[in-house]
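Reader: I would like a close look at one part of this model, the aromatic residues and what surrounds them. Please take me through that part step by step.

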Amino acid sequence: MIIDTIAKNNLYTSLNRNFEEAFRYLLNTEISELSVGKHSIKNDEIFAIVFNGNVVMPETIKMESHQKYIDIHYIIKGEEIMGWSSIDNCTQKIGEFNINDDYVLYDDQPTKKLKIVPNEFCILFPSDVHIGGLFTGNIHKIVLKIAI
């Protein structure tokens, strides 16, 4: 997991062949004007999911990890509390990996909780089991899905 400010995005572009284009999208698109939902950026290699609305703290926490995509969570407005654990510490997998939607769920609790605020991003790799929305309030965010 990496957390940093968008101004320092250039430190991470070498980590994946699509990171430079993904960060360019964040910097050069009026992301605050994007409609809620999925937006294609580069076929299936980069796409975005926009959320804008009220979040209610879940009663039961279900964390997730991915295998085909790296997530970049970017906060446009509001604050988000993210839960995180290393995949090495997660032992309570719920079912099998969903290959179509690229996720597997866990019943484990996060070992860390982090606040992400506007102009910050969080990069989550397949080894990062995570959950967003550990709060109640309004948030406007975009999640970029980057093919590995």
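Author: Phe23 and Phe121 are both buried, where buried means under 20% relative accessible area, exposed over 50% and partly exposed in between, with a 1.4 Å probe and protein chains only. This is a predicted model, in which local features need pLDDT of at least 70, side-chain atom pairs count only at pLDDT 80 or more, and totals for chains, interfaces and linings use all residues. Residues are numbered from 1 along each chain as its sequence is written, and side-chain values use heavy atoms, with hydrogens and water left out.

Phe19 is buried too, like Phe23. Both sit in helix H1, residues 19–28. They are four residues apart, about one turn of the helix. Helices (H or I, at least four residues) and strands (E, at least two) are DSSP runs, numbered from the N terminus.

Now the ring pairs. Rings of Phe, Tyr and Trp (its six-membered ring) pair if their centres lie within 6.5 Å; planes under 30 degrees apart count as stacked, over 60 as edge-to-face and the rest as tilted. By this rule there are four aromatic pairs. In one of them, the ring centres of Phe19 and Phe23 are 6.2 Å apart and the planes stand at 85°, so this pair is edge-to-face. Phe23 also pairs with Phe121, again edge-to-face, at 5.0 Å centre to centre and 65° between the planes. Phe23 belongs to helix H1 and Phe121 to strand E10, so their pair ties together parts that are 98 residues apart in sequence. Tyr12, Phe19, Phe23 and Phe121 make up one aromatic cluster.

Follow strand E10 next. Strand E10 covers residues 120–124 and pairs with E1 in the antiparallel sense, over four bridges. Two strands pair if DSSP finds at least two bridges between them. Cys122 in E10 stands opposite Ile3. Strand E1 runs over residues 2–5, and its side chains alternate. Ile2 and Asp4 point to one face and are buried.

One more ring deserves a look. The charged end of Lys38 sits over the ring of Phe47, 4.3 Å from the ring centre. A charge sits over a ring if NZ of Lys or CZ of Arg is within 6 Å of the ring centre and within 35 degrees of the ring normal.
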